[in-house]
Amino acid sequence: MTTLSTEQVAQLLDVTVSTIKRWADEGMIACIKTPGGHRKFELAEVTRFAEGHGMRLSGGTPPPLSGEQLEQLQFGIHAQNYHRVSDLLLEEALQGDREGLYQLLLYVTKHHIRFATIADEIIRPALVRIGERWHQGSLEISDEHRASGVITEALIRLAPDLHRKASNGLTAVCACAEGEQHEIGLRCMAYALELEGWKVHFVGANTPYETLASFTKAAKPNLLCISLSLTRHRKELLDGMALVARAVRSSGAKIVAGGFRADTFSMAELRCDHIATTIEDGVAYVRSAFGLKPGPKTKPPTASQQ
Ligand code: B12
C-alpha cells in the first residue's frame, strides 16, 4: 500500500496543505494518523477523491497504465523514488510502447523533475538493465534495438514540451566520437544545455573526427560535448580527439567528454576540460565554467517521504 504525507497530497491535488488538513478533519478524504500525529493518505483513496470531485492530479493526464502501475508512478515521483519510475519506463520500453513511453516521460517532466535527473536516474538505469539482460542472453538484439528506439523517439517528441530558459548567448556542439552509435546520453546532454538557454548543434552519432574538426572550426562554439561509450579503438580515438581539440581550441572553446566509458580516460588523454559521468555533473561543470546561474534545486526527500 502506498501512503502519502499531507504535503504530497497537497502537491498532487494542487491545493494548500491546510486545505488537505481541513478536508481530512471534515472526513471528506480518508486518512490515518500516525502515533506522532501525522496524517497519512492512501494513494488509491486520493485518486478516488480526485475523480469524485472532478479534480485532476497535478502533472496532467496520467499515462495509460494499470491502477497498480499508476500508484507506483505517483509514489515514485512524490517520494523521489526514481528507481520505481525507471522500472516502469523499462517495462514500457521492452514492450515497445511508443505512445505509453512518451506519455510517461511527459507526465514525469510535468512534475518539475529536473531533466538531468530524468536522464541520470530514470532513463539511464532502465537502459543499463536492458544492456545487462542483453549481455546475459535473456533479451534479443531486436528487443534492445526496439527499446532504445522508442526511448529516442519519446525524447524527440518530448523536446518541445521542455521548459527552456531565455537564450544565454552561448553555443554548443554535441557529437559522438567516430564509430560511436550510443547517442541517447548525448541527446540528453544536448537537451539539458538547451534548457539552460544554450543554442545546440546536435551532430549526433558516429561523427568522423575530421568532419567534427571542420564543423567546429566553422560553427565556433563555446563548448564541445563529446560522448564515448566504446573504447575498443583507443589509439584512433586519442588521435582523433587531438585533431578535434586543435580545431576547438582555435576558437577558445571548452571540451566536455561524457559517456559510459569516458571515465576510463584522463582529461589530458582526451584533451578535454572535464569528464562527466552524469548529465548532472556535466551541467554543473558547464555552469561553473561559464559563470551561469543554477536553476532551482530539486528538494531532497523529507524523512517521511523515504
Ligand atoms: C542502447 C544500447 C545500444 C544501442 C544504441 C542506440 C542509440 N541510438 O544510442 C545500439 C543497439 C546501437 C548499441 C550498439 C552496440 N553496443 Co550498446 N548499449 C546500449 C545500452 C543498452 C544502453 C546505452 C544507453 O543508451 N544508455 C542510456 C544513456 C542515457 O546512458 P549513457 O549512455 O551511459 O549516458 C549517461 C552518462 O554516461 C552521461 N553521458 C553520456 N554521454 C555524455 C556526454 C556528455 C558531454 C556528458 C556531460 C554526459 C554524458 O549521461 C547519461 C545519463 O546519465 C548499453 C548498456 C549500458 N550499460 O549502458 C549498451 C553498451 C553501451 N553497448 C555495448 C556494446 C558492446 C555495443 C556493440 C559493440 C554491440 C555489438 N556487438 O554490435 C554495438 C556498438 C555500436 C557502436 N558502434 O557504437 C557495451 C559497451 C561495452 C564497453 N564500452 O566496453 C554496453 C555497455 C553493453 C554491455 N553490457 O556490454 N548499443
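This is a predicted model: local features need pLDDT of at least 70, side-chain atom pairs count only at pLDDT 80 or more; totals for chains, interfaces and linings use all residues.
View 1. Residue numbers run from 1 along each chain as its sequence is written, and side-chain values use heavy atoms, with hydrogens and water left out.

**View 2. N and O atoms at the ligand.** Gly179 comes in with its backbone: an N or O atom there sits 2.7 Å from a ligand nitrogen. Glu144 uses its side chain instead, with a polar atom 3.5 Å from a nitrogen of the ligand. For Arg124, a side-chain N or O atom is 3.4 Å from a ligand oxygen.

**View 3. Two domains side by side.** In contact terms (heavy atoms within 4.5 Å), 15 residues of domain 1 meet 12 of domain 2. About 1200 Å² is buried between the domains, with carbon and sulfur atoms giving 65% of that; buried area here is the accessible area (1.4 Å probe) that the two parts lose on being put together, summed over both.

View 4. Which residue pairs up with Glu280 in a salt bridge? The partner is Arg114, and the closest N and O atoms are 2.6 Å apart. A salt bridge means a side-chain nitrogen of Lys or Arg within 4 Å of a carboxyl oxygen of Asp or Glu, and the rule finds one across this interface. Six residue pairs between the domains are in polar contact, both residues at pLDDT 80 or more; that takes N or O atoms within 3.5 Å, one able to donate a hydrogen and the other to accept it, and sequence neighbours count only through side-chain atoms on both sides. On the domain 1 side, α7 (115–136) and α8 (141–158) each supply at least two residues, and α7 gives the most, with eight.

View 5. Arg129 and Asp87 join their side chains in a salt bridge, 2.7 Å from N to O. Arg129 belongs to α7 and Asp87 to α5 (residues 82–95), so to speak distant parts of the chain, 42 residues apart. Helices are DSSP runs (H or I, at least four residues), numbered from the N terminus.
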